[in-house]
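Hello,

Here is the structure I promised to pass on to you. Have a look at it first, and then read on for my notes.

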Amino acid sequence: MATGDEMSMTQGRPLGGPPGADEIRRRRVLRVLMWLLAFGVTGALAVAAAQGPAASAVAGGFAVVLAVVVTATTTVDRRRRREELARTFAGSLLAARAGLDQDALRTVRDTEGELAATRAVMRRLPMLSLEQAVDIVRSL
């Protein structure tokens with residue numbers, strides 16, 4: 001059975017609430033909206049292909065706009081994460097790792113798996129990329 005601190009690591013609710021919870025929620029909503037938009041454009045392309053060349057051109061234009069928006073959003077998010085990491089931990093993953101309860105993370109990794117431990121790191125430090133969070137978990 002996990003202790004209280006380990007439980008908070010897996011549930012993402014350390015004492016005082018998780019840092020960056022609003023940011024995680026905002027990213028999740030944005031991701032869902034992008035997927036819905038992508039499915040909508042894909043459906044519009046399928047319908048437009050059956051309607052004729054003019055409708056196909058309009059739907060294709062929407063697809064290009066969607067690709068540009070997704071690329072721009074991803075680029076901005078990566079830049080923001082890098083800046084936040086640099087501001088919070090002077091850009092050092094070692095400093096970010098030192099700020100975590102490594103014993104609790106090891107316990108979570110050993111009992112619940114690497115994925116659960118990576119999620120715990122991402123909840124605690126939402127400015128990290130998935131690759132950085134995995135690197136931290138694997139270095140424990």
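**What turned up**

Val29, Val32, Leu33 and Leu36 make a nonpolar surface patch of about 370 Å². Of these residues, Leu33 lies in helix H2.

For orientation, the protein has seven helices and zero strands, so you can read the order of elements from the N terminus as α-α-α-α-α-α-α. Of its 140 residues, 27% count as buried.

**The largest pocket**

The largest pocket has a volume of about 520 Å³. Helix H2 (21–51) and helix H3 (53–89) are the elements that give two or more residues to its lining. Helix H3 gives the most, with nine residues. In total, 18 residues line the largest pocket, and Arg31, Met34, Thr73, Thr74 and Asp77 lie nearest its centre.

**Salt bridges**

How many salt bridges does the structure hold? There are three, and here they are in turn.

- Asp103 pairs with Arg106, with the closest N and O atoms 2.8 Å apart. Both residues lie in helix H5 (residues 102–112), three residues apart, which is about one turn of the helix. Asp103 counts as exposed, at 54% relative accessibility, whereas Arg106 is partly exposed, with a relative accessible area of 27%.
- Arg109 and Asp110 meet through their side chains in a salt bridge, at 3.3 Å from N to O. Asp110 is exposed, with a relative accessible area of 57%.
- Glu114 and Arg138 form a salt bridge between their side chains, at 3.0 Å from N to O. Glu114 lies in helix H6 (residues 114–124) and Arg138 in helix H7 (residues 130–138), so this pair ties together parts that are 24 residues apart in sequence. Glu114 counts as partly exposed, at 33% relative accessibility, while Arg138 counts as exposed, at 58%.

Please keep in mind that the model is a predicted one.

Happy browsing, and do write back with any questions.

Best wishes

Conventions. Residues numbered from 1 in each chain as written. Predicted model: local features only at pLDDT ≥ 70, side-chain atom pairs only at ≥ 80, totals over all residues. Heavy atoms only, no water. 1 Å grid on protein atoms, 1.4 Å probe; cavity = no way out; pocket = protein on both sides within 12 Å on 5 of 7 lines; lining within 4 Å. Points joined across faces, edges and corners; volume = space filled by probe spheres on them. Helix = DSSP H or I, 4+ residues; strand = E, 2+ residues; numbered from the N terminus. Patch = residues over 30% accessible without salt bridge, like charges linked within 9 Å, V, L, I, M, F, W, Y side chains within 5 Å. Areas by Shrake-Rupley, 256 points an atom, 1.4 Å probe, with all protein chains shown as cover. Salt bridge = Lys/Arg side-chain N within 4 Å of Asp/Glu carboxyl O. Buried < 20%, exposed > 50% of the residue type's maximum accessible area, 1.4 Å probe, protein only.
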